[in-house]
Amino acid sequence: MSQFAINLLFVGASFALYIGIAIWSRAGSTKDFYIAGGGVHPVTNGMATAADWMSAASFISMAGLLASGGYANSTFLMGWTGGYVILAMLLAPYLRKFGKFTVPDFIGDRFYSNSARLVAVVCLVVASVTYVIGQMTGAGVAFSRFLEVPNTLGIWIAAAIVFLYAVFGGMKGITYTQVAQYIVLIIAYTIPAVFISLQLTNNPIPMFGMFSTHTESGVPLLQKLDDVVNALGFQDYTADVDNKLNMTLFTLSLMVGTAGLPHVIIRFFTVPRVADARWSAGWALVFIALLYVTAPAVGSMARLNLMTTIYPEMSGQVENYEEAASDPIRYEERPDWIRTWEDTGLIEFEDKNDDGRIQLYNDGNEDFADTEEERGWEGSELDVNNDILVLANPEIANLPGWVIGLIAAGGIAAALSTAAGLLLAISSAISHDLIRNMINPNITEKGEMLAARISMAGSILVATYLGLNPPGFAAQTVALAFGIAGASLFPALMMGIFSKRVNNKGAVAGMLAGLLATLLYIFTYLGWFFVPETNMLPNTPEHWMLGISPLSFGAVGAVINFTVAFLVSNATEEPPQEIQDLVESVRSPKGAGAATAH
Amino acid sequence: MADDKSNADAYWKANIRLITGCLIVWALVSYGFAILLRPLLSGIPIGGTDLGFWFAQQGSILTFIGIIFFYAWKMNRLDKQYGLGE
């Protein structure tokens, strides 16, 4: 069977499974549609949350970022897991006790104001749609590579699949579909990692393999990697970073963004009890961590494999790295996986010094210029896109064809599950919070379901259209989603629970200040609405305010939100007694029923 | 009513104390050991690198899981202790 047929078989079989589950568990009532009848077990819910959470960014992109950035990109690992600690302690149990369907529901009721509800809907929709665009782009790339179709067609196939099960299945369909997707994606991620860890370190568990001895050279793997990249002018893989302020703020942004993203919060409405909401957050993190502790191993091992593929003499025990580094492979002798990916344009080779060999090194390093001249190198000749790393991993390690098919299915599952969860959050915000609670309170249950499905279809179309012409780099788009959620929704939710003093005016002013400050800072460097050439300052560290990158600004936006909300609240009247009673009741698990409509 | 109120207040204070403790550990392993305090830990070798690197890529994630389960377990006990369980 050809690789194409195997890919088709794996992706096709996994789709049949998801769609089958969606049809089997079709939602009957409004409540089923949004929150699966409130009866999902914490472990099941944790697994579904993990699938919801781990998108194309985690599955496809993150290990590649770790491979290229080393220690500096640990921010993604800590940020995308540490947010669950905040979520478990500061939000999930109380929002479950509150017992309504959506995030704007809580903000609207707690701050007794339809303006607050409307602002929350806007923040939610902007953050979620931005996030879906990235997923559509990611799913499109995975489809086009493995099904060998054009990128545009790949995105439309993704849109059709998401439409089918999100629109017809609702939350219950999604919950069980996402359990299936989690299982597919975690198997797809771990199997190649285990094989590669065995090949390099003889240790079957990648997270331990990464810190063990590299079998071929007899030195610890990370030290080997430092030596190898150092000999090619790169900074050490494990090197510390200078700008710790930015690293701290970026991690914090990703953490508060995690806690503020509506598609994750909505998950905690689906468990039967408040105690289950706490356990559920823990289980979600366990399932997420299975991938997240493997990712740094995948990243470091793939970087080492890539380097020793190009410089075979560096792989074993090396006496003199200078010498080993001066002898890269001939372009004609490159392995098959480089050839395959060259076809997609995601690996590019240009023989700058016409010696028929592949030089891959850091040509931007001034200290390395002398060595460069000595060796007759005229620039790094191989351009490898970070995002292919996880997808190419099985090929790099010479694993059988079915593993490649599996990873195709896993990558697509990651992108689709997150897109579906986000679409559900968007549709419930529009049909429930905007239409039912603000525009037409007399809408029938049927009408509300219809509105939910129409808004889902509408968001899919918008996201697909923007995915065809993405506003920027996928990682930047995703970071914007985190910045918006963290700077706008997270502080409002937290103050709604932990302060009785913050009132309607404070919350609205705070959310708007946090949202606008963050958007303004990002657009200043990345262009208005991401349109190229419209940025007012170049996006380089010298121009950043206090060295804070636009991706890290969500944390500052959150601080602005908190500050403005407290100042405005203290200058205006106290919230009415019934709101203070509401806060009291949210704080205590006693008397929590199943989540209700009203 | 007054007793209910003071009971609920005591429960909430205990919760806040617990959250504060957990957040200190949370910040210490991530922002502390993994980022700001990494140079101080550079003397402790682990698998070809230093302890700070391990915390940044593995240790903090494992600690986060521990914190959440500890908090859930402790809170469920507090719920019962104050008679505020479901």
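At what angle do helix 4 (residues 56–69) of chain A and helix 14 (residues 295–310) of chain A pack? The angle is about 55°, and the axes lie 8 Å apart. Axes here are lines fitted to C-alpha atoms, for helices over the stretch in contact, and angles run from 0 to 180 degrees between N-to-C directions. Helices (H or I, at least four residues) and strands (E, at least two) are DSSP runs, numbered from the N terminus. The model is predicted: local features need pLDDT of at least 70, side-chain atom pairs count only at pLDDT 80 or more, and totals for chains, interfaces and linings use all residues. Residues are numbered from 1 along each chain as its sequence is written, while chains are lettered from A and ligands numbered from 1 in the order in which they are written.

The angle of about 55° makes helix 4 of chain A oblique to helix 14 of chain A. Angles under 35 degrees count as roughly parallel, over 145 as roughly antiparallel, 65 to 115 as roughly perpendicular and the rest as oblique. The crossing of these two helices is right-handed; that is, the near helix is turned clockwise from the far one by less than a right angle. Helix 4 of chain A brings A:Met62, A:Ala63, A:Leu66 and A:Ala67 to the contact. Their partners in helix 14 of chain A include A:Ala295, A:Val298 and A:Arg303. Residues are in contact if their C-beta atoms, placed from the backbone, lie within 7 Å. By class, this contact has eight nonpolar, two polar and one charged residues. Ala, Val, Leu, Ile, Met, Phe, Trp, Tyr, Cys and Pro count as nonpolar, Asp, Glu, Lys and Arg as charged, and the others, Gly among them, as polar.

A second pair is formed by helix 5 (residues 74–98) and helix 13 (residues 274–292) of chain A. They pack at about 165°, with axes 8 Å apart. Helix 5 of chain A is therefore roughly antiparallel to helix 13 of chain A. This crossing is right-handed. Among the residues that meet are A:Leu77, A:Tyr84 and A:Arg96 in helix 5 of chain A, and A:Ala277, A:Leu285 and A:Ile288 in helix 13 of chain A. The contact has 14 nonpolar, two polar and three charged residues.

A:Ile288 also belongs to the largest nonpolar core, which has 217 residues. Such a core is a set of buried Ala, Val, Leu, Ile, Met, Phe, Trp, Tyr and Cys residues joined through C-beta atoms within 7 Å. A residue is buried if 20 or more other C-beta atoms lie within 10 Å of its own, exposed if 12 or fewer, and partly exposed in between. A:Ile288 and B:Ile68 are among the members that touch the most others. Helix 19 (residues 401–439) of chain A gives the most to this core, with 20 residues.

Chain B meets chain A through 36 residues, against 42 of chain A. Helix 2 of chain B gives the most to its side, with 16 residues. That side has 24 nonpolar, nine polar and three charged residues.

A:Tyr112 has a positive phi near 30° and lies in the loop between helix 6 (103–110) and helix 7 (114–147) of chain A. A:Tyr112 counts as partly exposed because 16 C-beta neighbours lie inside 10 Å. A:Asp354 has a positive phi of about 55°. A:Asp354 is exposed, with 7 other C-beta atoms within 10 Å.

Note on methods:
Contact = placed C-beta atoms within 7 Å.
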